[in-house]
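Hi,

Here is the structure I promised to pass on. Have a look first, and my notes on the aromatic rings and one of the helices follow below.

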Amino acid sequence: SCYQTPPVNNKLKVADVEEPQYEEEVAEEVEAEEEEEEEYAYADDAPEVKLFGKWSFDDVEVRDISLVDYIACTGDHATFLPHTAGRYQKKRFRKASCPIVERLACCLMKKGRNAGKKLMAVRIVQHTLEIIHLLTDQNPIQVVVDAIINPGPREDSTRVGGAGVVRRQAVDMSPFRRVNYALYLIATGAREASFRNLKTMAECLAEELINAARGSSNSYAIKKKDEIERVAKSNR
């Protein structure tokens, strides 16, 4: 009769059922490939590491060849914040790999009432870098590096002898101790300048760093360095 149902084509049905599954698999593969490409793109377009999101480490150079290994400011030592929470005191010389700006921040946490207040120290360093940039129009990280190179004494005197007969003997200072001593002198000078003073710690630290970078005798650290070297020279 004219109302007969048309013959069923099983092959077509099977194809119709299978095609969507195949399309889904292809779509998943394409998505996975796109995600991989995006990951590689992110790796290539990784943002440049800038201290506080502002100061670049690229053009920073250590101009004293003997201190290159002890002033960590390039390559892997470039950080967004001077707060890496690294365990630098666990082993001798490990603190040489601590970013130099972080070491400066740690030196500010001196005297018992400031012990452990690292966020305060980081904030002071941040303000200091801003002030240095305003006053010198240079990359403040470079100024900090120069300020640490200049005031490190190259010669010191030690006590030699015992049993009541004590005399001073001049000795050379290692590059690592030069960096450590420079940081100590800079932090001490800034602390003494800001104590019982209207000037903030950041202003005093900025002034100390700029003077030390220029080698000016207005800097506490430079004055102390000259004094130490003068005493050592007289004890040769």
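For the ring search, two rings of Phe, Tyr or Trp count as a pair if their centres lie within 6.5 Å. Keep in mind that this is a predicted model. With that cut-off, a search of the whole structure turns up three aromatic pairs.

Take Phe93 and Phe176 to begin with: their ring centres are 5.2 Å apart and the planes sit at 45°, so this pair is tilted. It ties together distant parts of the chain, with Phe93 in the loop between strand E2 and H2 and Phe176 in helix H5, 83 residues apart. Phe93 is partly exposed at 42% relative accessible area, while Phe176, at 9%, counts as buried. Ring pairs also bring in Tyr70, which joins Phe93 and Phe176 in a cluster.

Then there are Tyr181 and Tyr184, with centres 6.0 Å apart and planes at 70°, so they are edge-to-face. Both belong to helix H5, three residues apart, or about one turn of the helix. Tyr184 is partly exposed, at 41% relative accessibility.

Now for H6, which covers residues 201-214. Its 14 residues reach 20 Å from the first C-alpha to the last, close to the 20 Å expected. Of those 14 residues, 10 are buried, so H6 is largely enclosed by the rest of the structure. Among them are Met201, Cys204, Leu205, Leu209 and Ile210, but also Glu208 and Asn211. The buried residues of H6 pack against helices H2, H3, H4, H5 and H7. After the helix comes Gly215, with a positive phi near 75°.

Cheers

Conventions: Residues are numbered from 1 along each chain as its sequence is written. This is a predicted model: local features need pLDDT of at least 70, side-chain atom pairs count only at pLDDT 80 or more; totals for chains, interfaces and linings use all residues. Side-chain values use heavy atoms; hydrogens and water are left out. Helices (H or I, at least four residues) and strands (E, at least two) are DSSP runs, numbered from the N terminus. The expected span of a helix is 1.5 Å times one less than its number of residues. Buried means under 20% relative accessible area, exposed over 50%, partly exposed in between (1.4 Å probe, protein chains only). Contact means heavy atoms within 4.5 Å. Rings of Phe, Tyr and Trp (its six-membered ring) pair if their centres lie within 6.5 Å; planes under 30 degrees apart count as stacked, over 60 as edge-to-face and the rest as tilted.
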